[in-house]
Amino acid sequence: MGKKKSSAPPEQHLLLPQHPARTNAQTTPIVDTHTHLISTFSTYRSKYKEGKYATVYDFVREVYKHHGVEAIVDVYCEAPVQKHWRELADSALSEEDRKTKWGGLEYWFVMGVHPHEAKEYTDDVERDILEAMAHPRCVGWGEIGLDYHYDNSPREIQQEVFIRQLQHAVRLNKPLTIHTREAEEDSERILKQYVPKDHRIHIHCYTDSPEWAARMLAHFPNLYIGITGVITYATNLNTSAVIRQMATSAERPLRILLETDAPFMTPSNIYETLKDVKGRLPLSHSAMIPWTAEWVANIVNESVGEESHWDVEQVLQEGRENAKKMYGV
Ligand SMILES: [Zn+2]
């Protein structure tokens, strides 16, 4: 059988250059508050069959190197629960292992059942999640919520499974990672009914309306809006509108969390730096966050006007502060 030729740009392009605004050594560390590490690594393996990184640890150590990726929050949202979560989480328990295996990265995770898979939610799955919640590297319950764009599970089941998980998370005081898409009314009603006002909530990969964001931010003082590379896409104007809305309010820091949702949502402005890449990168990863931060800084500056001089570093700093408040990482 002939080898199928991969259309992906060569592997070395995944080792990004430093973001042009981050040339000096004193740069703010990157915290990726929402990433799917195993699926990022398997996308890498399938797109780069001859790729040199054989394990997820090799991948992380080499691809994140020199970029100051300090911490990631990995997401397990499948049903049944993927059993390998424990190996990764255990391997981040000792400082020694974090240094040798992870290259110094702080590995954390959240777990829950995604609305797409709500119909697969069972007592056994729930038992597995509850077990994971007790792990010292587990910092939240998610991603859970409602997705009426794809409707991969029936809406009544999505709601039922969402509520069931919310009740456990609230009882355990676990921060929530929420996935909501084209389900504003039901997500709002359910969150307001089942979650106490002061609970920590991350509305991840935000793409819904600015009005909805404003209502949720006003109701929940510890709610944050998750910003991925999707903010750079011409097909999505909502996320930039949310930043504009925040920028013109007096509240600081901005209530945002920076995330990749890797392997998806490669920021489109990265190709201004990667001029010699032909085609598109087949995956995103945590070291791409500065490009998303750059987009946010530009939106803030445009909204506030001349006296505003936000840069990549400031956005990363606010994101860093908020990650600490949200997940304690
Ligand atoms: Zn996700």
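User: Among contacts in the chain between residues at least 6 apart in sequence, what percentage joins residues at least 24 apart?

Analyst: The share is 79%, where a contact requires C-beta atoms, placed from the backbone, to lie within 7 Å. This is a predicted model, in which local features need pLDDT of at least 70 and side-chain atom pairs count only at pLDDT 80 or more, while totals for chains, interfaces and linings use all residues. Residues are numbered from 1 along each chain as its sequence is written.

User: What makes the chain as compact as a globular protein of its length?

Analyst: The chain contains 12 helices and 8 strands, which are DSSP runs numbered from the N terminus (helices: H or I, at least four residues; strands: E, at least two). Its radius of gyration is 19 Å, close to the 20 Å from the globule rule for 329 residues, and the chain is therefore as compact as a globular protein of that length. The radius is taken over C-alpha atoms, and the rule is 2.2 Å times the number of residues to the power 0.38. Along the principal axes, the C-alpha trace spans about 55 × 50 × 40 Å.

User: Why is His 179 called buried?

Analyst: His 179 has 26 C-beta neighbours inside 10 Å and therefore counts as buried. His 179 is located in strand β5.

User: What is recorded in UniProt for His 179 and His 204?

Analyst: An unreviewed UniProt entry marks both residues as "binding site"; such annotations may be inferred rather than shown by experiment, feature names are shortened, and positions follow the numbering used here. Although the two are spread over 26 residues of sequence, the largest C-alpha distance is 5.8 Å. His 204 occupies the loop between β6 (201–203) and α8 (210–219). Leaving aside neighbours within four places in sequence, the contacts of His 204 include Glu 143 and His 179.

User: How many residues of strand β4 (residues 138–147) are buried?

Analyst: Burial applies to 10 of its 10 residues, and the strand is mostly covered. Strand β4 pairs with β5 (residues 176–181) in the parallel sense over 6 bridges, where pairing requires at least two DSSP bridges. Asp 147 has Arg 181 in β5 as its bridge partner.

User: How do you know that the length of helix α11 (residues 289–304) agrees with expectation?

Analyst: The 16 residues of α11 should span 22 Å, and the end C-alpha atoms lie 23 Å apart, which agrees. The expected span is 1.5 Å times one less than the number of residues. Gly 305 follows α11 and has a positive phi, near 100°.

Terms used
Contact = placed C-beta atoms within 7 Å. Buried ≥ 20, exposed ≤ 12 C-beta atoms within 10 Å, placed from the backbone.
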